[in-house]
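Hi,

Here's the structure I promised to pass on.

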Amino acid sequence: MQIKKGDCLISSKPFAYVLSSKHKDNHCDYCFKSGKLLKCSGCQYVYYCDRSCQKESWSVHKSECINLKRIAPRTIPDAARLMARIIVKLQKGGGDEKDYYAKNAYRKFKDLMSHYTDIKNDPKRIEHFVSLCQVLEDFMEGTTLPNSAEILGLYGRICVNSYNILDPDMNSIGVGIYLGPSVIDHSCKPNAVAVFEGTTILIRALEDIPRLDWSQIHISYIDVLNTTSTRCTELQNTYYFLCECERCKDPETYATAAICSSCESTCDIKEESCRKCAKKISSAFKEKFKEVSEFTAHHLETMKNVAYLDISKTCLNKQKGLLHPLNIQHVRTIESAFDASVNLGYWEDAETFGIELLPGYLHYYGEIHPLTGILYLMLGKIQLHLDKPKSALDMLTKADKILRITHGEKHSLFKENLKPLLCQAIVESQQ
C-alpha cells in the first residue's frame, strides 16, 4: 500500500524516559505538559499536573522516589536516572516488552544495538560511563546492580538508540528509548520525521513513499543545518557510522561560501578568483573572511544555550560583504538573533530576523519540515501582534500547509496553536 506524505507510519510510547532536570520545575514528570504543577510530597523533586499523572507515574517513580529524596539537594544526571529506570524495569520483567513496527515484526530492548566494542574503545564514552556507574551505585544504594558488562551494554543501547523528546517548538525537554522506531535508519536527506505529542513519538512521512519498507524510510538523527564534515563527525562520534546519502555526496555550494565583493555571487574562499566574474580574491579578503568566521564560530558556541541579541547583531555586522546569505554560520547567527528577539519581546526585530531566516531554513531543512513550519507559525503570530493581519495570514497559511504533513490535524500544535491564530488572521484581514 502506498504511503502518502503526512501519513503517520508509527506511533509509539517510550520503553523508558526521563524529563530533563533543567525542566523539572516547569513540566510534569509524567506527561511533560507545562502549567500549574504539584510537587511529589515524597521526594520533593518531581512535579505532576495532578493526582492522575502522579498515579500513572507511580509504577516507575516509586522505586526512585526514596532515592531522589536521599541524595537531595544533589540532582541526578539525566542519563543516570534513565539507566536506573531501565535497570529496575528489566529486573521486573520489562525485557519481554514488545513494540511492533509492522504486523508481525517487533523489537524488545535486547534487540537494540549496543555498539559494545565501539563504546569500549571510545575513551570519552568510557569516562562518562565510569562516572555514571559511580552515580548509580550511590543513587541505587541497596539495589543489586547488573554486572559491569551488562551495564555497559545497557549504556550503549541508550547512547545509540535514545531520542530527544521535543516540545511543540521542537526544543529538547527529555530523552526516551523507543523500541519500534529504533528500526529506522538515518539520512541527512530524510523522507520521514519524528515529532512528539507529550512523550509519544510519531513518525510521519514527508513525501510519498511506494510502500511501507523500513529499509527505504529514513529520519535524521541529527540537525541537518550543518556542513557535511560537521554532520559526519557528529554521526561518527555519536552513532559510529558515516552517512552515504545523496546530500553527503553532493558538493556544498553555500555552506561555507563567501560572497564575491564584485558580482555578489557565491565565492569559494579557497580558490584564487571568483568563478562567475573571474575577479581575483585578494589575500586581504581571505584573511578578513577567516577572521570573521572564527569570531562567529566562537560566539555561536558561547550562545549554544542562551542567545544574545547584541552579540548576534555584532556578528551579523561583521559578516556583511563577506559571508554568503546561505553560509551556515550566517544562517545560525540570524537564528540566534531571532531567538533572542523573541525571548526579549522585541517583536519588530523578531519579524525582521525571522523573515531573513526563512531562505536558510528553506534551503537546509526544505519546504516540508517541522522547523520550517514552526518558523512560519511564529512569524504569523508575531505579525498578528504587530497588527499586520494580511502578512500574518500568508505566513500562517504556509504554516498550515507544512504542519498538516509534519504533525497532522489532530496534533495539539495544530489544534491549539495554529488553528486559533489562523482563524484570528482570517477575521482581522477582512476588517
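This is a predicted model: local features need pLDDT of at least 70, side-chain atom pairs count only at pLDDT 80 or more; totals for chains, interfaces and linings use all residues.

Residues are numbered from 1 along each chain as its sequence is written, and side-chain values use heavy atoms, with hydrogens and water left out.

**Aromatic pairs**

There are 11 aromatic pairs in the structure (Phe, Tyr or Trp rings, the six-membered one for Trp, with centres within 6.5 Å; planes under 30 degrees apart are stacked, over 60 edge-to-face, the rest tilted). One of them is Y17 with F32, edge-to-face at 5.5 Å centre to centre and 65° between the planes. That pair links distant parts of the chain, 15 residues apart: Y17 belongs to strand 2 (residues 16-19), while F32 is in the loop between strand 2 and strand 3 (38-39). Helices (H or I, at least four residues) and strands (E, at least two) are DSSP runs, numbered from the N terminus. Y17 counts as buried because its relative accessibility is 13%, and F32 counts as buried at 6% (buried is under 20% relative accessible area, exposed over 50%, partly exposed in between, with a 1.4 Å probe and protein chains only).

Y221 and Y239 make a tilted pair, 4.9 Å centre to centre with 55° between the planes. Y221 is partly exposed at 26% relative accessibility, whereas Y239 is buried at 12%. Separately, Y163, Y178 and F196 form one aromatic cluster.

**Charges over rings**

The charged end of K89 sits over the ring of F15, 4.2 Å from its centre, and K318 lies over the face of F295 at 4.9 Å from the ring centre. The test is NZ of Lys or CZ of Arg within 6 Å of the ring centre and within 35 degrees of the ring normal.

**The second largest pocket**

Y17 comes back here: along with Y30, S59, V60 and R85, Y17 lies nearest the centre of the second largest pocket, which is lined by 26 residues. A pocket is an open set of points on a 1 Å grid over the protein atoms alone where a 1.4 Å probe fits, with protein on both sides within 12 Å along at least five of seven lines; lining residues have an atom within 4 Å of a point. Helix 1 gives the most to this lining, with seven residues.

Cheers
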